[in-house]
Amino acid sequence: MSDVLLRLERLEVVYHRVITAVQGVSLEVPRSGIVALLGTNGAGKTTTLRAISGFIGLDDARVTEGAIVYGGSRIENRAPHRITAHGIALVPERSKVFENLSVAENLEAVVPRPGADRRRLAESIYELFPALARLRAREAGYLSGGERQMLAIGSALACAPDLLLVDELSQGLAPVIVEELVGRLRRVRAELGTTILLVEQNAHVALDVADYGYVMENGRVVLDGTPERLRAHADIQEFYLGAGGGERRRSYREVKQYRRSRRWYG
Amino acid sequence: MTVPRASGYFRTRYAEDFALLDTRTRKAWAALFAAALLVYPFLAGPLALDLANQVLLGAVGAVALMLLTGYAGQISLGHAGLLAAGAFTTGILFKEFGAPFWVTLPASALVGAALGLIFGLPSLRLRGLYLAVSTLALHFIVIHLGAEYETKRGFSTGILVDPPSIGGWQLYDARAWYFVLLAAAAATVLFSLNLLRSKTGRAWRAIHGREAVAGALGISVHRAKLSAFVVSSMLTAVAGCLFAYFRGFVSVEAFSLFLTIQYVAMVIIGGMGSILGAVLGTVFVILFPYFIEWLMEAAGLAEELAAVVFAVNYSAFGLVMILFLVFEPQGLVGVWRRIQAWFLMWPFKQKPLAGTK
Amino acid sequence: MQLAVNIAVLAAIYALISCGYVLIYRATRVLSLAHGELMMLGAYGLYATASLFSGHPVAAVAAAGVLALAVGVLVYFALMWRMTGESVLAAVLATIALGILLRGLMALAFGTQTRHPLAELGWTNASIAVGEDAFVSGVGLVLVLATAAVYGLLFAFLRFTRWGIRMRAAGQNPLLAAQRGIGLHGIYALAWGLATFTGGLAGMLIASDAGLESTMVVIGLKAFPAALVGGLDSLAGALLGSIVIAAAEVLMVHHVDPLLSDVVPFFILLAMLIVRPWGFFGSREELDRV
């Protein structure tokens, strides 16, 4: 992990000046790597992602401690469109396309980074997602869930990013489509050299595509490692992959013990 | 309902949560304030008395609008139309039938309630901006009907209304008016405060917060909206009736859109969601033009600007409204609470948390 | 025939004004109730430039147009950007307050007597015969043509240019737009600038036709039912709404009662709000988002 593109250093995010959603998260995303951020609802994954993409200011949240270092410069608490200009693009969780605009217009509306070749970008996007080329004139509101996700990824790529942030790739989509999208993300990395930070609840998907994973809980990173290592970890099997013993349910004490052990890792 | 004091005062019964005046100190202050209001007309000069009368009259309408906008969250830009409806009901009944005030007052209230129902109907389908626009449309329609009456009956300059009389005694004297208006304003304020701590008031606040959630909690959203419109419009029409008698004159020119804006400004400048705010806002808005006039005189510009006084007023008023909207969205009540908090916490510095009220 | 001409001219007036309401609403989700005043400011702008550039009427008109555009951008950066994120009510009230402020300032700066910018420019307003027994004033004809041109250009702008597409995108989903690198403040300022420009243009033309006085604000206010009847987020709707309202107004005034002129648009608006609140071409979801 020599060339680090994005590094979070003990990041802390506070909502409404009182609620701490992310407490001291540190992680590294190597250039041209795919890193997954795992965790259940409310673990602080999305907040972390929004902190990176500059979206948290709109929810009255701020980065109060720590740093977000991207390509050598600090970018915390900047306006979203400035962060996009730095080469970070987000595929958001919900409302990810402009529904009243056609597919082509969705891609056209994007402001790419200065110096990017718009035409070549559009070509490579249509090449990656032939479905989008076919649906060029269709209004985005009438796309299926999978097509929408493709368009969302496509228009994020139209910003010509170095770093693509993907929030909940698999949410609400059929496994077959998720598999296809995962394949596309691999191609994005291979062909465009884009670095990808993926936030997922579905550990199967995340560990399948990533070369490194972080597990978040209660606003902290509690575990990290290569997919092999994470897959082998007993707690991951138990809580994320659903492969545990299964015969008996865990008692409250054991869960508490589990949480305590997580804190040690963090 | 009220903010607890800083000292070791704790509420021990639920009823105390609903009390209008909870501590002895507050009761004492309220009594003192009431006494001050009662002796005011005997100490004040004619101008001060007239100003007080205008404030009291305005407060009725402002409190009514506060119930609707500040509490139930329904935006209305038809307030002047409702005032006009009350005033014209009074004027027409007086001119056509020579009706005394104990007929015109309830009749105005009734017309107001009926109009409130009509104004409220669009609110069942519309929200926010669209609702504001529909009430604005209703304003123009009410005003048009008034103008139509004036021209058709040949009162193109306006309808003259005699002062109300009981037996042989006429309500004419400014001091007598003061007590009548004080009673009206006090009754409105008490009625509103009472209503707000009832089930209806809670329903209003619930639909203000979020309609869908309020509905899920078993509140009839339609009923709450309509009741807010009806109560508010009724009070407003009563204020319109008083306005007609107080001025002794009814004319559509008095009920322009600017009047609506003035009332909305009272609510905004006073502070949303507070009866005290409505009263403070009224004081501010009514006294503002006099303050500007005084300022112009003090600056020695009174004569130069005499021809354009209204323009100066407009500019200053617009500017003040903008300043409040941008820098003090909680209005005068917000300022008042900060001062209170400052004194409570003194000598410690208190920094209120953002996101709390 | 004369009625048809009158309807066309009035519809053009309303359409030229109401596209400002639509532009601002569509991009920023704010209904600007200061539009009538901004329109009047545009007209006073022409009056001022006309006396400044006396002898060069074309330069004066161009300068007034640029001025109007600049005023709109200025309004956004001086006031409206502070209202982003505030409630609908606060933003609308801010525009109302701005309207009052402008009205006061204009009365202070220009007085209250009727002005005639056309005379200042040194042009005359000839009456042109249409068909056998109908007439249209020269300015009226220019109004119709200008409205057609403005609408054509706006359609093309929003449909085919990158900035137009971005403006639509920003109005629809500002969060996502910001994420896609679109600077919202720039877009919003552009919307205000364009709206004030078209409104100012309407103001200049009306002032050239009928003189410039404070009642012009009422025309601005009467045009906004046109925007709503058509659907606040649709330009085509504004055009259709303007025609409907103008036709109803002219016919009612002619056949029933001249006093109705000020109230007909609002009657139609109310009827529309009850039957089909989102207007002819507006999108239905609009109702829920405000």
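Visitor: Hi! How does H11(B) pass H13(B), in a left-handed or a right-handed crossing?
Guide: Hello! In this predicted model, H11(B) passes H13(B) in a left-handed crossing. The axes of H11(B) and H13(B) come within 10 Å and cross at roughly 40°.

Visitor: So what do you call helices that sit like that, H11(B) and H13(B)?
Guide: Oblique to each other.

Visitor: What about H12(B) and H13(B), at what angle do their axes cross?
Guide: Roughly 115°, with the axes of H12(B) (residues 275-298) and H13(B) (residues 309-327) coming within 10 Å. H12(B) passes H13(B) in a right-handed crossing.

Visitor: And which residues meet there, between H12(B) and H13(B)?
Guide: From H12(B) you have Phe288(B), Pro289(B), Ile292(B) and Met296(B), and they meet Val312(B), Asn313(B), Ala316(B) and Phe317(B) of H13(B). The contact of H12(B) with H13(B) counts 7 nonpolar residues, 1 polar and no charged ones.

Visitor: New topic! How many residues does each of chain B and chain C give to their contact?
Guide: Chain B gives 36 residues and chain C gives 32. On the chain B side, the elements giving two or more residues are H6 (128-152), H11 (257-270) and H13.

Visitor: Which element has the largest share of the side of chain B that touches chain C?
Guide: That is H6(B), with 14 residues. The residues on the side of chain B that touches chain C divide into 26 nonpolar, 7 polar and 3 charged.

Visitor: Can we look at chain A? In what order do the strands of its open sheet run?
Guide: The 6 strands go E6-E7-E8-E3-E9-E10 in chain A, with mixed pairing. E6 (88-91) and E10 (220-225) of chain A each have a single partner strand, so one side of each is left without a neighbour in the sheet. On average, neighbouring strands of this sheet are turned by 20° against each other, direction ignored.

Visitor: In which sense do E3 and E9 of chain A pair, parallel or antiparallel?
Guide: Parallel, over 4 bridges. Leu37(A) stands opposite Tyr214(A) in E9(A).

Visitor: Last one: which strands of chain A does H1 lie across?
Guide: H1(A) (residues 45-53) lies across E3, E6, E7, E8 and E9 of chain A, and runs at about 145° to E7(A). H6(A) (residues 145-157) also packs on the sheet, touching E6 and E7 of chain A.

Conventions. Residues numbered from 1 in each chain as written. Chains lettered and ligands numbered in written order. Predicted model: local features only at pLDDT ≥ 70, side-chain atom pairs only at ≥ 80, totals over all residues. Axes fitted to C-alpha atoms, helices over the stretch in contact; angles between N-to-C directions. Left-handed = near helix turned anticlockwise from the far one by under 90°. Contact = placed C-beta atoms within 7 Å. Nonpolar A, V, L, I, M, F, W, Y, C, P; charged D, E, K, R; others polar. Pairing = 2+ DSSP bridges. Parallel < 35°, antiparallel > 145°, perpendicular 65-115°, else oblique.
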